[in-house]
Amino acid sequence: MDFNDTPQEAEFRAEVKAWLEANVPSKEELEGLSPIERAKLWQKRKYESGWACLRWPKNYGGRDATTIENVIFNQEEAKFDLEPGVFSIGHGMCAPTMMAWATDEQNQQYLPKMASGEEIWCQLFSEPAGGSDLAALRTMAVKDGDEWVINGQKIWTSGAHYSDFGVIVLRTDTSVPKHQGLSYFFLDMKSPGIEIKPIKQISGASNFNEVYFTDVRVPDAQRLGAVGQGWQVALTTLMNERASIGGGGSGRGTVTCDTLVELCETINLDGKPAIEDSAVQAKLADWYVKEAGLKFTGYRSMSALSRGETPGPENSIGKLVAAPMRQDMAAFALDLQEAAGAIWDSSLSEGGGEVHGGYMGAPGLRIAGGTDEIMANIIAERVLGLPQDVRLDKGIPFTEVPTSSSS
Amino acid sequence: MDFNDTPQEAEFRAEVKAWLEANVPSKEELEGLSPIERAKLWQKRKYESGWACLRWPKNYGGRDATTIENVIFNQEEAKFDLEPGVFSIGHGMCAPTMMAWATDEQNQQYLPKMASGEEIWCQLFSEPAGGSDLAALRTMAVKDGDEWVINGQKIWTSGAHYSDFGVIVLRTDTSVPKHQGLSYFFLDMKSPGIEIKPIKQISGASNFNEVYFTDVRVPDAQRLGAVGQGWQVALTTLMNERASIGGGGSGRGTVTCDTLVELCETINLDGKPAIEDSAVQAKLADWYVKEAGLKFTGYRSMSALSRGETPGPENSIGKLVAAPMRQDMAAFALDLQEAAGAIWDSSLSEGGGEVHGGYMGAPGLRIAGGTDEIMANIIAERVLGLPQDVRLDKGIPFTEVPTSSSS
Amino acid sequence: MNFEFSEEQNMLREQASAFLRDNCPMSTVRKIVDGDESFDQGLWQKIVEMGWTATTIPEEYGGLGLSYLELCVIAEELGRVVAPVPFSSSVYLATEALLRYGADDVKEAWLGKLAEGTAIGTLATAEQAGQASSSGTGCAMGANGLTGTKIGVADGDIASFAIVTAADDAGVSLYLVDLEGSGVSRETVKTLDPSRSHATLTFSDAAATLVGEAGKGWDAVADIQDRAAVLFAWEQVGGAKTALDMAKDYAMERYAFGRPIAGYQAIKHKLANIYVKTTLAESNSYYGAWALSTDAAELPLAAATARVAGIQAYQFAASENIQTHGGMGFTWEFDCQFLYRRARLLSMVIGGELVWQKKLVAAMRTAA
Amino acid sequence: MNFEFSEEQNMLREQASAFLRDNCPMSTVRKIVDGDESFDQGLWQKIVEMGWTATTIPEEYGGLGLSYLELCVIAEELGRVVAPVPFSSSVYLATEALLRYGADDVKEAWLGKLAEGTAIGTLATAEQAGQASSSGTGCAMGANGLTGTKIGVADGDIASFAIVTAADDAGVSLYLVDLEGSGVSRETVKTLDPSRSHATLTFSDAAATLVGEAGKGWDAVADIQDRAAVLFAWEQVGGAKTALDMAKDYAMERYAFGRPIAGYQAIKHKLANIYVKTTLAESNSYYGAWALSTDAAELPLAAATARVAGIQAYQFAASENIQTHGGMGFTWEFDCQFLYRRARLLSMVIGGELVWQKKLVAAMRTAA
């Protein structure tokens, strides 16, 4: 048992390191560029040297690399302070779906441009009526000649405003049970009739959009899978989403044990640094146990990866454990500050108000990408093999499924 | 707002106090008597002076007293160290059911003997297959002339071995949905064909029995309610059970905040009394908040009582809050003892092993009389008015309800 | 046993809740959160006219001389609607400080104005992030007046005066500083809960009047905060009840897989837990109300119990209300955020859960 | 990244689990709990023959000289079956004490016997309820030997020797006492987990040999317990997995309202939580295993993390396994009780959750 790479992995990591050090853009290069422009510049550079989308086939712009090689590249890349990926949805979810369901011609046409960062893709699944019950979506597509006409609304679409293409699930038949009446397309986000409105979150950020469709036309040729087969196609996308969902907000702007320890070393409680207080220690220890437990669970799946195994739904625990924990940690960090905790100002707040941001961002962590309750269901059903919840909408035509207390 | 009795209540309390002080049996009187004999002696004395079953009509052996008067009597009686009631099920659950459903003759015949303690009653509802799904009971009663013949098994019957009579719900029709095929009887516990086996709990105690029925005959005249109406009759009994369930193990042998504070004042942690440790204080405070919260919730319902209102399902929170708390408190009290906590011996253990008993008894508190999960459902459904769980057995003949993965 | 509010008090509750339903819908809170106003002046004016600011001030000083039970009733209703007004600073803290420790002339000078709302008061103890009472006091009373800085002062930007902890020869004492006087500068700061305004107060040789016994400043603060804890607890109970109502209504309306999400045990039991925590907090707040209104010796224990329960209930209810709402819950467009922000603010003011858990046990041990 | 057990270690696991399935079903535990035997001698003999007691003892002393990873594998499997044997006392504590601190002659005298199971050892530190390491030590080493009393000594009634903390001129030191020698009396006591025997040891001028540096007794105990914490954590992980399996199987078989109770979210999410806590404990125990097997500087942090996680996972899993079983769960007839008792015992031995939470933060701060 060790934390070391195999010889091949070590060699590959060295190669990656060397290339990154030589090619990661300098502050000067990025000077004056917008976040999107920075991301595109870096993606293009990776693409030109064959370091984009490592897992993909070479002819689609990838490298035919192994999963573990991909992980190693991501680890090393993460050590540089680069723009978080505006490409992650396209590369992580749209592309695998295209590879599984699109024609080789289509993949030849679209994937290289996705790999090079020339074109950005987004995902249009969720709807106001949907939520955890994704397949209850209502946005309609009606066949008209060799095109489909889309009307309705999608929500929670990240990057819709800067995306060139999107994958979308639409209802093409309301007379059959909900899963059977769906079809799956990819479309041009610049098509006439698409209107995009950002959603403001309680944290103040706007990471998502509402997308309205009014008589938007998409060619039938851009349908993936058969008519009515949309749910199966969507599952391909969703499986890849689960895989790409991280440790549940271990990313920027979340409160970690390090943040907390730092705060507790400086802040006063009973005339001593808070960290010397036994009750503070008990809380810190519990959170560290979870944080470390998730880290080492990750190491274990990575070891499985390096043996060529594919990680299962076990990864769902990351989000289920981390998201509520981040919320508790932020609330606790604020409590320790007493009256001064009310101040939320990067220049005045202790630690620049990071924990304030963590507190206001935590509810999103617990909901986006699957609520705590859905994650617990996933573990219960897919890991432990327990029965699904009773679904009263099974086998009923979509139009007859109750959708509100009034119906 | 005050904690005082109204003038009438105060007067009544004084009368009660005086009578109790004059009549509670002395140690000498009880010398050499079994617990049952002691309980019967005391009950008979109360009965003879009109202090038994205060809420009941005088002609059934009661006092026609108000609810608050009953509460006051119980409060004062509780101040004396008397045997915990072997009569509580008969008086609290069987009698109200009899009054609601039996004939006046039957009540004249049985209730006074119940009030005087001459006869003890028990309740026979639960079955191995039943559990939280009480109405799924399978013990059959088949009509034979003007009698019914009972075959099957009941479980969790308190006091079956010393009871003279019992109330029982039986399946009299398997061809209809489960709630419709039940009938309710009271029967002589000394009838031939009844076999009683005590159940040993993990705490070592045996507070419950299994009761086996082999061709036990009960007269049709002892049926309460119509054939097939058994569930409605049972609800009368159950409503009274909820009312009589206390704070969820605030009784003997459970760990209270006082127990814990006492322990923490004496036991050492980091070279100081444990109670000076901040983490210990945080736990004690949380438990005190719950204990006090339940106490004052009780005061509020008592105030409602004294205004003549009847308390609702809010009381379910007592058990839901207290039972898991007692378990945590006991575990914590044992943790503080470290290696010595392994010793469970009344003469050797810290505090006589009370917390050991509390730890082993707690699982029962969380389950008996409604599991944590059932109590949460009761609050959600009856207090907050949320929908019932989906029941796949609704409207299906009892014989067709799935009862195991094999079926 | 008469452990409940009187008919008169329940009537006051009905008036208050009807008044606030009309005058403080969530849109009022949103207006303050989105805008630049420090508080809702119109609402505040009406509250003053209702006489709520005068509740516990004796008639001799122009108050109503009502009991603290009435004030608890008002606090719960204000908590329910997340009212964007300086009520807690001015009534629970400043008014209490003067009632308990003000010399006659100070009372004469200020209580009447507080009662009629022409003055707003606040309490200022914090100088940095952390536990104020044990952090040392930089503010000092010198020959020419009071000098130093206080941060995170609720309503400091709009208050007429502040009760300030400051070091002097006797140790740390309480001083009343007229914030409209010279030597005072104040700056409004951005806050986690913009429905309640906060400011940094900087004093340089500001005129200040001693309040209470010199050198006993922190004892007085502890006493004032014990009393305020009960009133804040009632605001927290009110807020938790609103969160429960919102979550329940949404869960009944919102359908998934052909039935309301309120029918799934994950949601049912979540709401049951909110109900349980809120009920425990409410019952403990009854005890606090009784102790406060009767000046009972149990007040420190009752206050700590009510406060810890109130903090836990409101924080849990506000968080799980968002969770019950799912995606919409964390959008700016929905009102869940106001409860979530206020729950946190009420937890931080006068010290948080841990500090009060310790006070609770200390009080238990004294009582025992 | 190779953060997992080797193929050989996984083979050992399969052997161990097959062996214990055959030789230690729950009926074996029940036999010891219901009977008067202190432990299952037959099972113990077989375990010795499997060489498990010799795992980490160097070959020069008659051991197998395997790594601690092998011992972790064995610990998890023993934990799974709630084995009623003195393995933890003799191997995790006594053997470790000698390996770390025994002088050559002491090692010569005892390690061989420990390896071949002709000797059983234990560690005795407690003299009253409470934290032993800060409670003062009544046992004292005098001119004529060691005198005093130790309580709650696991396997004290069957052990051949005990490593004992005793006061001497240098402070508190560790001494090895031959329990079969003179001046030693022992009394078996009733315990919360009768599948593991405990005793009171009384010494009067018992012959005792110094183990480790004089006056450094508690440092040595802390070091030994850090190492044992990892091994206990693996037992706890094993126990938690058994509890999860039992709860899952019962919930799938048990029907209510026409469907398995495993289909109700209250049960689904309960089992999911057991799985989550157990997985976190297991992953943290991997880290502990790595640190233990490599004598890493991180051992104190890794050990505390594994122990806190192990305590929490097993206690939760064992309690909620009973809860999932409903009424039958708290009957003597069912096996749930054995896990519930063992979970508690493993939490109390070498100090509980709170003590290790503090050690964890202390280690974090040293590491930082």
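**Helix pairs, strands and chain contacts in a predicted model**

Let me start in chain B, where helix H8, residues 257-266, packs against helix H9, residues 278-306, at an angle of about 160 degrees and with their axes 10 Å apart. What we are looking at is a predicted model, so please keep that in mind as we go through the parts one by one. Because angles over 145 degrees count as roughly antiparallel, H8(B) and H9(B) are roughly antiparallel to each other, and the crossing that they make is left-handed.

If you turn to the side chains, the residues that H8(B) brings to this contact are B:Cys257, B:Leu260, B:Val261 and B:Cys264, and on the H9(B) side they meet B:Val280, B:Leu284, B:Trp287, B:Tyr288 and B:Glu291. Sorted by class, the residues of this contact are eight nonpolar and one charged, with no polar residue among them.

Now let us move to chain C, where another pair of helices can be described in the same way. Helix H9 of chain C, residues 299-325, and helix H10 of chain C, residues 336-348, have axes that come within 9 Å and cross at roughly 160 degrees.

The contact of H9(C) with H10(C) divides into nine nonpolar and five polar residues, with no charged ones.

Let me go back to chain B for its strands. Strand S2, residues 140-144, and strand S3, residues 147-157, pair in the antiparallel sense over five bridges, and B:Asp144 stands opposite B:Glu147 of S3(B). These two strands form a hairpin with two residues between them, and in the turn B:Gly145 has a positive phi of about 65 degrees. S3(B) is also joined by eight bridges to strand S7 of chain B, residues 208-219, and these two strands run antiparallel; here B:Trp148 has B:Val218 in S7(B) as its bridge partner.

Next come the contacts between chains. Where chain A meets chain C, the contact takes 48 residues from chain A and 47 residues from chain C. Which element gives the largest share of the side of chain A that touches chain C? That is H10(A), which supplies six residues, and by class this side of chain A has 21 nonpolar, 14 polar and 13 charged residues.

Turning to chains B and D, we find that their contact takes 48 residues from chain B and 47 residues from chain D. Strand S9 (268-269), helix H10 (316-337), helix H11 (354-365) and helix H12 (372-383) of chain B each supply at least two residues to the side that touches chain D, and H10(B) gives the most, with six.

Finally, a word on confidence in chain A, whose mean pLDDT is 92, with 96% of its residues reaching 70 or more. Over residues 245-251 of chain A, however, pLDDT stays under 50, although the model has 19 contacts beyond four places in sequence for this stretch. Where pLDDT is low, the predicted coordinates should not be read in detail.

Terms used:
Residues are numbered from 1 along each chain as its sequence is written. Chains are lettered from A and ligands numbered from 1 in the order in which they are written. This is a predicted model: local features need pLDDT of at least 70, side-chain atom pairs count only at pLDDT 80 or more; totals for chains, interfaces and linings use all residues. Two strands pair if DSSP finds at least two bridges between them. Helices (H or I, at least four residues) and strands (E, at least two) are DSSP runs, numbered from the N terminus. Two residues are in contact if their C-beta atoms, placed from the backbone, lie within 7 Å. Ala, Val, Leu, Ile, Met, Phe, Trp, Tyr, Cys and Pro count as nonpolar, Asp, Glu, Lys and Arg as charged, and the others, Gly among them, as polar. Axes are lines fitted to C-alpha atoms, for helices over the stretch in contact, and angles run from 0 to 180 degrees between N-to-C directions. Angles under 35 degrees count as roughly parallel, over 145 as roughly antiparallel, 65 to 115 as roughly perpendicular and the rest as oblique. A crossing is left-handed if the near helix is turned anticlockwise from the far one by less than a right angle, and right-handed if clockwise. pLDDT is the predictor's confidence in each residue, from 0 to 100.
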